[in-house]
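Dear colleague,

My notes on what was found in it follow directly after.

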Amino acid sequence: MGIAIENLAVAYGGQRVIDGLELTIEPGSFFTLLGPSGCGKTTLLRTIAGFVPAERGHLRFGGTEVTHLPPHKRDIGMVFQDYALFPDKTVFDNVAYGLRARKQAEGVIKSKVQAALERVGLGHLGQRHPAALSGGQRQRVALARALVIQPQVLLMDEPLSNLDAKLRLQVRETIVELQREAKITTVFVTHDREEALAMSDRIGVMNQGRLEQVGTAAQIYREPRTSYVADFVGGANLVEVETMARQAGETGPVVLDGTAIAARAPAALAAGRATLVARPEDILLAEPGTAGTLPGRIAHRQYLGGKTSYKVVLDSGRVLAVDLQSGAHDRFEPGAKVGLGFDPARTLVLAS
Ligand SMILES: Nc1ncnc2c1ncn2[C@@H]1O[C@H](COP(=O)(O)OP(=O)(O)O)[C@@H](O)[C@H]1O
Ligand SMILES: [Mg+2]
């Protein structure tokens, strides 16, 4: 069942936090809302769930208007950052909760709950209480509880944020497997770009209550339409440059500190000031004076295992981050002069 959001506005006590939002989510797909804290992700998710009322606009599930339906009539399952399990109930009873509320027969409940627990790898822990589980296990219980009612829509609000790095990866894989298997339309909220890139069919990057860009992981990463998206999704170097007018998709020179370098414009641009977007892994370091490179000096070098991160200062004083695969390039010592090379296909120029 797809989700369609049209001209949505949401306010808290007269303060608009979402205004004129439009979004279509394909049936059975994994959609991620990505953005920094406070941009409105939770608000949008809770509006989809029905916990926060829409001030204006329409919300449809599979073509049916649900804008004014209470949460329990929307056929959703929800998973929260803090698990929200009932502490005084066993794992089994936590998962059984939604089925009991729907007055299903105890025999049916027993087999459905057991199957749901097995799917999240907790078939043997039904009689435990949440306090006797690890964070990762608690979140698996919450996932089983959300899925056991076979909802049409699964909503998850930063479900991995309270887990340590290793558990986060494991639960992430479980979520993706279950979603693919059940083909349940999913809206997943996170501020973690790696999670978003790894898990989603499509990602919506949010900025102050608006969707700044919606696309696949590759589109968001490779073809950011704004410097906000480039910065948030990729930690890109953003540098002010001068450009001539450009058509969408056109590659040509921009002027950075008096030197012309080639960059591609994903969207049409007017002549004048613009923002150059270069990801740290897309800049090359060469011997100083190499043709077509910009002069700089290594200010800082950090060995990170597979890659080495450099801070390079240009003659103008600008600092750029450059990541190189470790090994081949370790000859660039702090203090050394270098030439910076920009791959014209991967270096973008966007409206400022
Ligand atoms: N219950 C509330 N009452 C008033 N303002 C709220 C409430 N919940 C969130 N906000 C405000 O709405 C904005 C969006 O918040 P939220 O949706 O929680 O963002 P996110 O989940 O992206 O961190 C923030 O400015 C926040 O302070
Ligand atoms: Mg939130």
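In this predicted model, five strands form an open sheet in the order β15-β19-β16-β17-β18, and their pairing is antiparallel. The edges are taken by β15 (283-286) and β18 (319-325); each has a single partner strand, so one side of each is left without a neighbour in the sheet. From one strand to the next, the twist averages 45°. Within this sheet, strand β16 (residues 294-303) and strand β17 (residues 307-314) run antiparallel and are joined by 7 bridges.

Strand β1 (residues 3-12) is joined to strand β4 (residues 56-61) by 5 bridges, and the two run antiparallel. Glu6 stands opposite His58 of β4 in this arrangement.

Phe61 has Thr64 in β5 as its bridge partner, and Arg60 stands opposite Glu65 in β5. The hairpin that β4 and β5 form has 2 residues between the strands, and Gly62 in this hairpin takes a positive phi near 55°. As a general point when inspecting such sheets, side chains in a regular strand alternate between the two faces of the sheet.

I turn next to the ligand site. Which residues surround ligand 1? They are Tyr12, Val17, Pro36, Ser37, Gly38, Cys39, Gly40, Lys41, Thr42 and Thr43. By class, this shell divides into 4 nonpolar residues, 5 polar residues and 1 charged residue. Helix α1 (residues 41-49) contributes the largest share of the shell, with 3 residues.

- Gly38 places a backbone N or O atom 2.6 Å from an oxygen atom of ligand 1.
- Thr42 has a side-chain N or O atom at 2.8 Å from an oxygen atom of ligand 1.
- Thr43 has a polar side-chain atom 2.5 Å from an oxygen atom of ligand 1.

On its own, ligand 1 has 560 Å² of accessible area, of which the protein covers 54%.

Finally, the aromatic rings were examined. How many aromatic pairs does the count give? The count comes to 4 aromatic pairs. One of them is formed by Phe30 and Phe188, whose rings are tilted, at 5.5 Å centre to centre and with 45° between the planes. This pair links distant parts of the chain, with Phe30 lying in strand β3 (residues 30-34) and Phe188 in strand β8 (residues 185-190), 158 residues apart.

With kind regards

Conventions:
Residues numbered from 1 in each chain as written. Chains lettered and ligands numbered in written order. Predicted model: local features only at pLDDT ≥ 70, side-chain atom pairs only at ≥ 80, totals over all residues. Heavy atoms only, no water. Near = heavy atom within 4 Å. Polar contact = N/O pair within 3.5 Å; in protein donor to acceptor, adjacent residues only side chain to side chain. Areas by Shrake-Rupley, 256 points an atom, 1.4 Å probe, with all protein chains shown as cover. Helix = DSSP H or I, 4+ residues; strand = E, 2+ residues; numbered from the N terminus. Nonpolar A, V, L, I, M, F, W, Y, C, P; charged D, E, K, R; others polar. Pairing = 2+ DSSP bridges. Axes fitted to C-alpha atoms, helices over the stretch in contact; angles between N-to-C directions. Phe/Tyr/Trp six-rings, centres within 6.5 Å; stacked < 30°, edge-to-face > 60°.
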